[in-house]
Structures are given as structure tokens and as C-alpha cells.
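Q: I'm new to this one and would like a close look at a single part. Could you pick a spot at the surface or inside, and walk me from there into the rest of the fold?

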Amino acid sequence: ANISLDLSDGTITNMEVIDLTGSGNNSTALTLQDLIDVTDEDNLLIIDGNVGDSVTSTGEGWIQGNNQVIDNVTYDSYTSGAGTLLIDEVVTQTIS
């Protein structure tokens, strides 16, 4: 409940999905380097969540692409350099 996930400490590796769903408004903030550090060689991170959850990644040069639908969930798609970020469309997003 009301958890803020910190990906910057380098202890998490080979992650493909973050699920922010649950009780309370959960959030994570990340940089492009965080994404590259925690994912595998595909550098793709999917973030699931529900209304009230939030993702922040600013000043990273993200470019919004076409939405993607995976297992009936629509994700907003962002790319920057080698990284790709897919965020559940119901999650509040502050991305640039």
C-alpha cells in the first residue's frame, strides 16, 4: 500500500515486468539507465498497474510510439536509445 519502488540501487536484475497493482497508490521513478540495468539484453520493461498508480521518468528523451496490446491490456509505448518502456494506459504517467 502506497509503495514507492526504487530501481536505482542496482540490486534488481533481469526483470521484465513490474506490477504496481494492489492496495493504495503505488509508484516508481526510473531513468533510462535504471531500465537498462534491471532488464535483460532486450532492454524492455513492462509496467502494470491500476488507477492511482504512477510512473515517472523525465529528462530521458522518451519518444512515445504506438500503443501495444498484450493479453487484452493496452500499454503506452516509449523508446529512448536502446530502451523500451511499456506502461499500462490506466497508470498515471510523467514521461519525457
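A: Let's start with Glu16, which counts as partly exposed because its relative accessibility is 48%, between the 20% limit for buried and the 50% limit for exposed. Keep in mind that this is a predicted model. Glu16 sits in the loop that links β1 (4-6) to β2 (17-19).

Who does Glu16 meet? Setting aside residues up to four places away in sequence, Glu16 touches Asp40, Leu44, Leu45 and Ile46. Take Asp40: 24 residues separate Glu16 and Asp40 in sequence, yet their C-alpha atoms are 7.4 Å apart in space.

Now look at Thr39. Thr39 belongs to the loop between α1 (32-38) and β4 (44-48). Thr39 counts as buried, because its relative accessibility is 6% and the limit for buried is under 20%. The side chain of Thr39 has two polar partners to look at. One is the backbone oxygen of Leu35, which the Thr39 side chain reaches at 2.8 Å. The other is the side chain of Asn43, with a polar contact of 3.3 Å. Leaving out residues up to four places away in sequence, Thr39 also touches Asn14, Met15, Leu44 and Leu45. Leu44 and Leu45 turn up in the contacts of Glu16 and in those of Thr39.

Leu45 takes us inside. The largest nonpolar core has 17 residues, and the members that touch the most others are Leu45, Ile47, Val55 and Leu85. At least two residues of this core come from each of α1, β4 and β9 (83-88). With 3 residues, α1 gives the core its largest share.

β9 itself is mostly covered, with 5 of its 6 residues buried. β9 also pairs with strand β8 (residues 73-80), this time in the antiparallel sense, over 6 bridges.

Strand β3 (residues 27-29) pairs with β5 in the parallel sense over 3 bridges, and Ala29 has Thr56 in β5 as its bridge partner. β5 also pairs with strand β10 (residues 92-95), again parallel, over 4 bridges. In β10, Gln93 stands opposite Val55.

Apart from neighbours within four places in sequence, Val55 is in contact with Leu20, Thr28, Leu30, Ile47, Ile87, Val91, Thr92, Gln93, Thr94 and Ile95. One of these, Thr28, lies in strand β3. Thr28 is buried, because its relative accessible area is 3% and the limit is under 20%. Beyond its own neighbours within four places in sequence, Thr28 is in contact with Leu5, Leu7, Leu20, Ile47, Ser54, Val55 and Thr56.

Let's step back to the whole chain. The protein chain has 1 helix and 10 strands, in the order β-β-β-α-β-β-β-β-β-β-β along the sequence. Its radius of gyration is 12 Å, close to the 12 Å that the globule rule gives for 96 residues, so the chain is as compact as a globular protein of that length. Along the principal axes, the C-alpha trace spans about 30 × 30 × 25 Å. Of the 96 residues, 38% count as buried. Among the contacts with a separation of 6 or more, 61% link residues 24 or more positions apart, and Glu16 and Asp40 are 24 residues apart in sequence. The accessible surface comes to about 5,100 Å², with 45% of it belonging to carbon and sulfur atoms.

Key
Residues are numbered from 1 along each chain as its sequence is written. This is a predicted model: local features need pLDDT of at least 70, side-chain atom pairs count only at pLDDT 80 or more; totals for chains, interfaces and linings use all residues. Side-chain values use heavy atoms; hydrogens and water are left out. Buried means under 20% relative accessible area, exposed over 50%, partly exposed in between (1.4 Å probe, protein chains only). Contact means heavy atoms within 4.5 Å. A polar contact is a pair of N or O atoms within 3.5 Å; within protein, one must be able to donate a hydrogen and the other to accept it, and residues adjacent in sequence count only if both atoms are side-chain atoms. A nonpolar core is a set of buried Ala, Val, Leu, Ile, Met, Phe, Trp, Tyr and Cys residues joined through side-chain atoms within 4.5 Å. The radius of gyration is taken over C-alpha atoms; the globule rule is 2.2 Å times the number of residues to the power 0.38. Accessible areas come from the Shrake-Rupley method with a 1.4 Å probe; for residues, only the protein chains shown count as cover. Two strands pair if DSSP finds at least two bridges between them.
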